Every structure is written in structure tokens, then in C-alpha cells.
Amino acid sequence: MELLINLFIGIIAVFHIYILWFEMFAWETRGRKVFKHFPAELFPKTKTLAANQGLYNGFLAAGLIWTFFIENVEWKTNIAIFFLGCVAVAGIYGAISASKKIFFVQGLPAIIALILVLLR
């Protein structure tokens, strides 16, 4: 069970590191390929906003990675619950406000990991 929990947390953390990179450093290049419906002239204008969002995704990744270094099981569980809960809420909100796909790539993995942590 612990291996499965760590696998989910690791994958979710790596995904959020990717989002950090994408939104902070590749918004005007990779962003145009991913968000084809977004008008091209808005990418330079929204670069700072995207970078800010990327930074927050980095904080989520850092919190999840932190759980790998906590030895106390109760403390590790509480930190994992907090950060996975944040990711789940972000995924649900993203699905409601932007694209349903966000729920499946961000929200659902976090919810599954959260359930596994709670069943630990």
C-alpha cells in the first residue's frame, strides 16, 4: 500500500513540476500548441499570469515531495492529505471553470491518492 501511495504522490508531484515548467518557462512556445483555441496575441499578454500559476503548481509539487522526507507517519499523512486535497480542489475547479479534462489528469489522481492515504 505504501508503495502505491508513494507512486501516486510521485507521479502527481512530477506532473505539477511539468506544469510549473510549462506555465513559467514555455508559455509562449509550448502553450500555443496546447491551447490552440487561445488567441495567439494573448500569450505574451498573459505570460506573467501563467508564470504565477506555474509557481503555485511548484508549491504543490514541493509539498508532495516533502512527504517523502517525513518519518513520522501521522505528520506525513497530514501533510499528504493537505497537499493532495489542494490538488483535488484545483482539479475540480479547473474542470468546472476551464475543461473537464482537468478533472481526469489532475483531480482524479489526487482523489485516488487521497483515498489511499486515508486507508493507510
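Helix 1 crosses helix 6 with left-handed geometry in this predicted model. The two axes approach within 9 Å and cross at roughly 150°. Because angles over 145 degrees count as roughly antiparallel, helix 1 is roughly antiparallel to helix 6.

**Helix 1 against helix 6**

- Helix 1 covers residues 2-25, and helix 6 covers residues 101-119.
- On the helix 1 side, the contact is made by Leu4, Ile5, Phe8, Ile9, Ile12, Phe15 and His16.
- Their partners in helix 6 are Val105, Gln106, Pro109, Ala110, Ile112, Ala113, Leu116 and Val117.
- Sorted by class, this contact comprises 13 nonpolar and two polar residues, with no charged residues.

**Nonpolar core**

- The largest nonpolar core contains 18 residues.
- Within this core, the residues with the most contacts are Ile9, Ile12, Leu64, Leu84, Val87 and Val117.
- At least two core residues come from each of helix 1, helix 4 (47-66), helix 5 and helix 6.
- Helix 5 makes the most of this core, contributing six residues.
- Ile12, one of the residues with the most contacts inside the core, also belongs to the contact between helix 1 and helix 6.
- Beyond its neighbours within four places in sequence, Ile12 touches Leu64, Leu84, Val87, Pro109, Ala110 and Ala113.
- Among these partners of Ile12, Pro109, Ala110 and Ala113 are in helix 6.

**Lys76 in helix 5**

- Lys76 sits in helix 5, which spans residues 73-97.
- Lys76 counts as buried because its relative accessibility is 13%, and the cut-off for buried is under 20%.
- With neighbours within four places in sequence set aside, the contacts of Lys76 are Glu2, Asn6, Thr67, Ile70 and Arg120.
- Between Lys76 and Glu28 the sequence separation is 48 residues, and the C-alpha to C-alpha distance is 37 Å.

**Thr77 in helix 5**

- Thr77 is also part of helix 5.
- The relative accessible area of Thr77 is 16%, so Thr77 is buried.
- Apart from neighbours within four places in sequence, Thr77 is in contact with Val117 and Arg120.

Conventions:
Residues numbered from 1 in each chain as written. Predicted model: local features only at pLDDT ≥ 70, side-chain atom pairs only at ≥ 80, totals over all residues. Heavy atoms only, no water. Helix = DSSP H or I, 4+ residues; strand = E, 2+ residues; numbered from the N terminus. Buried < 20%, exposed > 50% of the residue type's maximum accessible area, 1.4 Å probe, protein only. Contact = heavy atoms within 4.5 Å. Axes fitted to C-alpha atoms, helices over the stretch in contact; angles between N-to-C directions. Parallel < 35°, antiparallel > 145°, perpendicular 65-115°, else oblique. Left-handed = near helix turned anticlockwise from the far one by under 90°. Nonpolar A, V, L, I, M, F, W, Y, C, P; charged D, E, K, R; others polar. Core = buried A, V, L, I, M, F, W, Y, C linked by side-chain atoms within 4.5 Å.
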